[in-house]
Amino acid sequence: MNYAAIKKTDVANGPGIRVSLFVSGCTHACKGCFNREAWDFKYGQEFTEETEKEILKALAPDYIRGLSVLGGEPMEPQNRVTVLELLRKVKAAYPTKDIWCYTGYDYEKDLLQWEREEQTAVVTELLGLIDVLVDGEFVEEKKNLRLAFRGSENQRLIDMKKTRSEGRVVCR
């Protein structure tokens, strides 16, 4: 997997001060995307063990609330395993910090379907490690700059812990 950028003090992609990883590769090609260069799976730098260590170190300060993973597209099949390995290490090292994941995929139509059909273990574990899932493609016609932590009105902030325990989508 490649990544486009790491922001070590990000305030735009979740509450508080966060570390944000922008992965490379996205097949959605949303009109008006703010990060078009990250559509290319080869864009940026290779995600290595050193990159992982850099992210874990950046998460260490008490003022860092958590990690946000976005892109590109973290849930692309080519990115899932590497993202999963990172999230496992983040949760092990920092169990009180939250993880937000931005995906253009729809939770019910795509992710739950994959969980049943495809890489069940990978998708299930990913969803179990994420605290907030921001789902849905960016839709330029539904763009709303007043929305917190998302770009268009169709996107949802899904509380994954409550959603998984209640068996229904629970939004923040």
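A network of salt bridges links Asp106, Glu108, Asp135 and Arg156. The model is predicted.

Asp106 forms a salt bridge with Arg156, with the closest N and O atoms 3.7 Å apart. Asp106 lies in the loop between strand S5 (98-102) and helix H3 (107-117), and Arg156 lies in strand S7 (residues 156-159), so the pair ties together parts that are 50 residues apart in sequence. Asp106 counts as buried, at 19% relative accessibility. The cut-off for buried is under 20% relative accessible area.

Glu108 also meets Arg156 in a salt bridge, through the side chains, at 2.6 Å from N to O. Here Glu108 belongs to helix H3 and Arg156 to strand S7, so this contact ties together parts that are 48 residues apart in sequence. Glu108 is partly exposed, and its relative accessible area is 32%.

Another salt bridge joins the side chains of Glu54 and Lys8, at 3.0 Å from N to O. Glu54 sits in helix H1 (residues 49-58) and Lys8 in strand S1 (residues 2-10), so the pair ties together parts that are 46 residues apart in sequence. Both partners can be described by accessibility. Glu54 is partly exposed, with a relative accessible area of 30%. Lys8 counts as partly exposed too, at 40% relative accessibility.

Across the whole structure, the search finds 14 salt bridges. Among them are the Glu54 and Lys8 pair, the Asp106 and Arg156 pair, and the Glu108 and Arg156 pair.

Note on methods
Residues numbered from 1 in each chain as written. Predicted model: local features only at pLDDT ≥ 70, side-chain atom pairs only at ≥ 80, totals over all residues. Heavy atoms only, no water. Salt bridge = Lys/Arg side-chain N within 4 Å of Asp/Glu carboxyl O. Helix = DSSP H or I, 4+ residues; strand = E, 2+ residues; numbered from the N terminus. Buried < 20%, exposed > 50% of the residue type's maximum accessible area, 1.4 Å probe, protein only.
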